[in-house]
Amino acid sequence: EGEPCVEAVLDIDDFKFVNDLYGHAIGDNALRHLAGDLVAAFPKDAILARSGGDEFNIVLEGCTAKDAAAALERFVEVQRTFFHNGEKHSYTVSLGYAEYPAQAKTRAELSNRSDIALYEAKLRGKHACLVYDKNFHFEKRAGLGFALNDISQHLPGAFLIYKADPADDSMLFANNEMVKLAGCESLEDFMKFCGCRFSGLVHPDDLAGVEKSIWEQIESKSDGTNDYVKFRFARKDGSYTAVLDHGRIVESANYGRVFYVLMTDAEFLESHYSEEESVTGREKS
């Protein structure tokens with residue numbers, strides 16, 4: 001094992017959108033500015049390279065992931081801009097990184113794990129900086145994975161994914177509507193608030209009943225792989241709001257069985273539909 005080093009991989013969030021909307025010349029201009037920012041932000045002995053498309057690599061020799069964290073996070077936090085027809089437009093980047101030899105034994109493994117961390121950053125909402133964690137199970141990035149975030153952010157309701165395991169309800173994903181429903185400022189704020197657990201969102205007095213109802217519905221298969229439950233949802237300010245929870249159990253190649261869950265503010269829903277209409281609509285769905 002040699003001296004420690006860190007490899008980071010980053011790219012522009014939604015770069016295809018920039019190219020499609022403004023043209024490749026504008027996209028190339030954004031890439032040139034990003035390359036200049038990299039040169040200005042990191043030491044002269046850092047290895048900087050464009051590995052393809054809008055993707056760049058940074059290698060910082062002689063330092064650990066902990067040593068590199070602050071500089072990498074600062075770089076990602078910056079709101080960057082480009083100009084089109086005299087108008088200023090902003091864009092963000094996402095970055096993943098890993099450390100040799102603590103997290104990887106070969107150069108290929110180091111690159112792979114940096115890429116996995118970048119993929120996880122994209123899934124968590126983009127404009128993020130993440131260090132590799134062994135719980136990230138993605139072997140390679142794929143277009144469908146990136147689409148998950150894009151689709152979920154436009155669903156007409158709060159959406160989350162968590163592990164379908166009675167002993168481990170770890171949260172894997174939440175969209176912006178879920179973050180807002182909890183009264184949090186960001187996905188990171190939301191995850192910290194609920195302890196990265198579905199159970200952290202349920203009123204303590206409701207939790208046992210909610211878990212019992214969900215698993216009884218799943219095991220009875222009365223409605224296939226779906227479950228429906230109403231409970232008091234925790235908010236960061238200490239208050240609770242009643243929600244209607246529609247969950248579906250799904251087999252994930254990366255995490256095994258997981259729940260996809262849509263939540264709706266019960267008071268809001270009931271103010272728009274009569275009780276009879278609400279029940280009829282659910283039976284038809």
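## Salt bridges: criterion and count

A salt bridge here is a side-chain nitrogen of Lys or Arg within 4 Å of a carboxyl oxygen of Asp or Glu. By this rule the structure has 14 salt bridges.

The model is predicted, so local features need pLDDT of at least 70 and side-chain atom pairs count only at pLDDT 80 or more, while totals for chains, interfaces and linings use all residues. Residues are numbered from 1 along each chain as its sequence is written, and side-chain values use heavy atoms, with hydrogens and water left out.

## A pair within helix α8

K212 and E216 form a salt bridge, with 2.7 Å between the closest N and O atoms. Both residues lie in helix α8, four residues apart, about one turn of the helix. Helices (H or I, at least four residues) and strands (E, at least two) are DSSP runs, numbered from the N terminus.

K212 counts as exposed at 52% relative accessibility, and E216 as partly exposed at 43%. The classes are buried (under 20% relative accessible area), exposed (over 50%) and partly exposed (in between), with a 1.4 Å probe and protein chains only.

## Pairs between elements

The side chains of K122 and D11 meet in a salt bridge at 2.6 Å, N to O. This pair links distant parts of the chain, 111 residues apart: K122 is in helix α4 (residues 107-123) and D11 in strand β1 (residues 5-12). Both K122 and D11 are buried.

R232 and D206 also meet in a salt bridge, at 2.8 Å, N to O. R232 lies in strand β10 (residues 226-234) and D206 in helix α8 (residues 204-220), so the pair ties together parts 26 residues apart in sequence. R232 is partly exposed at 35% relative accessibility, whereas D206 is buried at 17%.

## A network

K163, D168, D169 and R197 are linked in a network of salt bridges.
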